[in-house]
Amino acid sequence: MIPCQKALFEIPPDVTYLNCAYMSPLLTAVREAGQQAVARKSSPWQIRPHDFFEEAEQARGLFAQLIGATPDDIALIPAVSYGLAVAAQNLKLKPQGSMLVLAEQFPSHVYPWRRLAERQQAKLFTIPRPPDQDWTAALWERIGDSTTVVAIPHCHWTDGGWIDLVAIGERCRQVGAALVLDVTQSLGALPLDVAAIQPDFLVCATYKWLLGPYSMGFLYVAPPHQQGQPLEEGWIARQGSENFACLVDYQDAYQPGSRRFDVGERSNFALLPMVITALRQILTWQVSEIATTLGSLTHKLAMGVAERGLITAPAHQRANHMLGIRFPDGLPADLMERLAQERVYVSQRGSSIRVSPHLYNDLTDIERLLHLILP
């Protein structure tokens, strides 16, 4: 159990922020890293050619540690949609093949597959929400010989409904389907090992559970896909780009591994230091310990709302770090406004509220929410 880390953030004492799944607050150290990085651009003569590579490689390596990959497996991207566009461009569908997504999946992880289905005359099927909340079983049953792509998260963004990715990865390999993951709503709060899951592609934005800035993210590309086609043909992705004096000696060969998929201007001098600082802190805390600590908070909350007659997914069917709460008679019309007036912040997603604590929260925050949710 990790003690409350609120002192490392800049959250006012009267604010109860239980909305990390919306956007995390920055650690003070991350904000300071960003301010120093922005100031560096005022003196561009201090930015040397090696700076275009060094920080990108640091970030790549830290993210690789987080998922059990190698730096060669990682590309730097600006958004989930960019990484999924790379995946969609480099996947070949079976004739008459089908792709699977979840009901109410986040839009950025649906639109690319709609476009791919249209382009390759394939079918896109949506797995309905299972009555027993067992997404793993629902997916396993639906994946078959005609399945070409399974495009899913680690947990559902609306309520934390959990998927056993190791089991689904095994099922995809049985039928020869590609597995494409968006783990923006889980990575940093749920342990994940790409060696055990074996996805083809994995994307993650940094501004939620990775405690980083907006407009940065990472793409994992499995080795069989690393010779694929990038979305852009940027100079820095080419072999020998470290030598600025010879950039006009055009090269057909790319930098090794997944670096060919890096977004243009990936050497973001303002944001990369923030990403590096945040990832180092997460690795210091350890994701397994973060998950255990957040699980204790959501368990306390689940018990409290059950006592009040509210509905949550069974503990074994949801992630530790997020809880969706439904009301038998529908969400009270004034609930979100009433919570905001008391400076308690959660999200409404559909007919439920989504509560997503982090290490800046403690049991006092949970008790405060419980007191307000049904006065």
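## Basis of the description

A residue is called buried when its relative accessible area is under 20%, exposed when it is over 50%, and partly exposed in between, with a 1.4 Å probe and the protein chains only. The structure is a predicted model, in which local features need pLDDT of at least 70 and side-chain atom pairs count only at pLDDT 80 or more, while totals for chains, interfaces and linings use all residues. Residues are numbered from 1 along each chain as its sequence is written, and side-chain values use heavy atoms, with hydrogens and water left out.

## Overall form

The protein holds 11 helices and 12 strands, where helices (H or I, at least four residues) and strands (E, at least two) are DSSP runs numbered from the N terminus. Its radius of gyration is 21 Å, close to the 21 Å that the globule rule gives for 375 residues, so the protein is as compact as a globular protein of that length; the radius is taken over C-alpha atoms, and the rule is 2.2 Å times the number of residues to the power 0.38. Taken along the principal axes, the box that the C-alpha atoms fill is roughly 70 × 55 × 35 Å.

Of the 375 residues, 56% are buried. The accessible surface comes to about 16300 Å², and carbon and sulfur atoms account for 53% of that surface, the areas being found by the Shrake-Rupley method with a 1.4 Å probe and, for residues, with only the protein chains shown counting as cover. Among contacts (heavy atoms within 4.5 Å) between residues at least 6 apart in sequence, 74% join residues at least 24 apart.

In strand S7, which spans 201–205, five of the five residues are buried, so the strand is largely enclosed by the rest of the structure. Phe-201, Val-203 and Ala-205 point one way from S7, whereas Leu-202 and Cys-204 point the other way, and all of them are buried.

Strands count as paired if DSSP finds at least two bridges between them. Strand S6 (residues 178–182) runs parallel to S7 and is joined to S7 by three bridges, with Asp-182 standing opposite Val-203. The pairing of S7 with S8 is antiparallel and extends over five bridges, and here Leu-202 stands opposite Tyr-220 of S8.

## Cysteines without a partner

A disulfide is a covalent bond between the sulfur atoms of two cysteines. When the term is taken as a pair of cysteine sulfur atoms within 2.5 Å, the count for this model is zero disulfides. For Cys-4, the closest cysteine sulfur is that of Cys-20, and at 13 Å this is too far for a bond. Cys-204 is likewise in no disulfide, the nearest cysteine sulfur being that of Cys-155 at 11 Å. Cys-4 is partly exposed at 37% relative accessibility, whereas Cys-204, at 1%, is buried.

Thr-147 lies in strand S5 (residues 147–153) and is buried, with a relative accessible area of 0%. Leaving aside neighbours within four places in sequence, Thr-147 is in contact with Lys-94, Ser-98, Leu-100, Arg-142 and Ala-177. The side chain of Thr-147 also reaches the backbone nitrogen of Gly-144 at 2.9 Å, and the C-alpha atoms of Thr-147 and Cys-172, which are 25 residues apart along the chain, are separated by 8.3 Å.

Arg-238 belongs to the loop between S8 and helix H8 (272–285) and is also buried, although its relative accessible area is 17%. The side chain of Arg-238 makes a polar contact with that of Glu-233 at 2.5 Å; such a contact is a pair of N or O atoms within 3.5 Å, and within protein one must be able to donate a hydrogen and the other to accept it, while residues adjacent in sequence count only if both atoms are side-chain atoms. Not counting residues up to four places away in sequence, Arg-238 touches Glu-233, Gln-251, Asp-252, Ala-253, Tyr-254 and Gln-255.

## Loop residues with positive phi

Ser-215 is not a glycine, yet its phi is positive, at about 75°. Ser-215 is found in the loop between strand S7 (201–205) and strand S8 (217–221), and with a relative accessible area of 39% it is partly exposed. Arg-343, also a residue other than glycine, has a positive phi near 60°. Arg-343 sits in the loop between helix H10 (335–341) and strand S10 (344–345), and at 33% relative accessibility it counts as partly exposed.
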